[in-house]
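The following exercises concern a single protein structure. Please work through each task before reading its solution.

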Amino acid sequence: MGVENSLPKLLRGALSGNARIIQSATLTIIRQLKVSNPSVADELAKILAYDGVGASVARSAGLDSAPLDNESRLELVNIEEFDEDMHPPIFGQNLHEQIERFFRERSKMEDLIAHGLRPSTNLLLVGPPGVGKTYLSQYISCRLHLPLVTLDLASVVSSYLGKTGQNIKRVFEYVRSNKAVLLLDEFDAVAKRRDDESDLGELKRIVNVLLKELENWPVDSLVIAATNHPELLDKAIWRRFDHVLEIGFPDSSARLNILRRAIGELIDEDILSVMAEVTENLSGADLTSLCDRIARRVIIDSENIVQASIVELKSSLPDAHKFNGIFIRSAKRTLGKKITQKDLADWLGITPATVSHHMKGESV
Ligand SMILES: Nc1ncnc2c1ncn2[C@@H]1O[C@H](COP(=O)(O)OP(=O)(O)OP(=O)(O)O)[C@@H](O)[C@H]1O
Ligand SMILES: [Mg+2]
């Protein structure tokens with residue numbers, strides 16, 4: 001793909017003053033020019049690094065300005081314009097199919113309505129921190145070509161509890177009149193403070209407001225609720241959701257794809273496969289930040305990529321003292337005869353004899 005393919009996006013971003021679109025188009029162009037025209041690529045990188053683009057996204061998206069809390073005058077929501085060609089989040093096959101099914105249903109909305117069926121207007125995303133709930137919401141907003149309006153319920157509930165019901169209503173009204181995807185982040189916040197007697201009445205009212213709003217939601221918009229603590233949610237709330245997507249930690253093939261996308265250009269596929277094997281229980285966010293740290297070591301400190309990966313991998317995994325053994329056995333499993341004891345010794349900065357001990361499962 002040539003640089004010219006990114007020009008319409010760049011122009012669109014520039015004319016609407018949308019920083020996110022300008023940045024993403026410029027990053028694509030920089031990557032493409034890195035080899036053919038490095039000096040222009042460098043200049044673009046400098047401009048992007050030092051000259052911020054400071055336009056209001058709300059204005060650029062053609063939306064009304066964000067709703068405010070009456071007392072503090074702080075904005076209640078965060079508004080993001082969709083990025084037309086963002087990468088999809090990487091998930092296992094099963095979840096991926098559920099998501100595509102949801103998109104298929106949205107695309108057949110008119111048919112459903114014509115048959116008297118109510119299309120899905122909401123989605124509950126459940127999963128531990130960093131597995132891609134926010135990312136998936138951004139991706140959905142991009143696929144539906146709607147801006148994403150995020151209401152962080154934890155901050156709304158904690159800072160202005162007395163006014164929360166009103167504020168939530170105001171946000172729903174806003175999204176209703178400005179077609180958008182509404183993300184209710186940290187959705188469990190409305191259930192969390194149950195133990196505190198004094199808050200109970202108010203929280204019940206808030207839950208009722210939410211349930212009513214969910215029921216009356218217009219079909220051309222979408223509400224996504226995200227939570228790390230599904231066990232805290234009221235049964236009545238669960239029932240209101242058309243779809244519940246459970247997002248778990250990525251499996252080894254999803255991990256490989258996440259790593260490949262993040263640093264695939266810098267590093268050999270073999271070591272990527274071993275990294276994917278040993279990073280069980282790391283989330284997508286952990287993996288991308290791991291890759292970020294590796295790339296920084298290589299770019300800023302000119303470190304060797306394999307060494308940088310091993311140092312960062314070791315500090316990301318809980319079993320640092322068992323790391324060499326885990327890594328060696330996993331490399332053998334993944335790469336078999338392709339990898340020699342000498343290669344492993346070089347990668348890990350230890351002697352071949354130590355590698356051989358680890359291979360036999362002996363403690364060193
Ligand atoms: N499945 C994934 N595929 C690709 N990248 C991912 C994935 N999950 C997370 N990431 C990376 O990690 C970043 C943070 O993930 P995200 O904010 O979506 O997690 P989250 O589930 O919303 O976490 P939290 O519960 O803390 O809000 C993403 O912007 C992306 O770079
Ligand atoms: Mg999130």
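How many disulfides does the structure hold?

**Solution.** This is a predicted model. A disulfide is a covalent bond between the sulfur atoms of two cysteines. The criterion is a pair of cysteine sulfur atoms within 2.5 Å. The structure holds zero disulfides.

**Exercise 1.** Classify Cys142 and Cys291 as buried or exposed.

**Solution.** Residues under 20% relative accessible area are classed as buried. Cys142 has a relative accessibility of 4% and therefore counts as buried. Cys291 has a relative accessibility of 2%, so Cys291 counts as buried.

**Exercise 2.** Describe the pairing of strand β2 with β5 and with β6.

**Solution.** Strand β2 runs parallel to β5 (residues 222-227), and five bridges join them. Within β5, Ile224 is the bridge partner of Leu123. Strand β2 also runs parallel to β6 (residues 243-246), to which four bridges join it. Within β6, Val244 is the bridge partner of Leu124.

**Exercise 3.** Why is strand β2 largely enclosed?

**Solution.** In a regular strand the side chains alternate between the two faces of the sheet. On one side of β2, Asn122, Leu124 and Val126 are buried; on the other, Leu123 and Leu125 are buried. Because five of the five residues of β2 (residues 122-126) are buried, the strand is largely enclosed by the rest of the structure.

Terms used: Residues numbered from 1 in each chain as written. Chains lettered and ligands numbered in written order. Predicted model: local features only at pLDDT ≥ 70, side-chain atom pairs only at ≥ 80, totals over all residues. Heavy atoms only, no water. Buried < 20%, exposed > 50% of the residue type's maximum accessible area, 1.4 Å probe, protein only. Helix = DSSP H or I, 4+ residues; strand = E, 2+ residues; numbered from the N terminus. Pairing = 2+ DSSP bridges.
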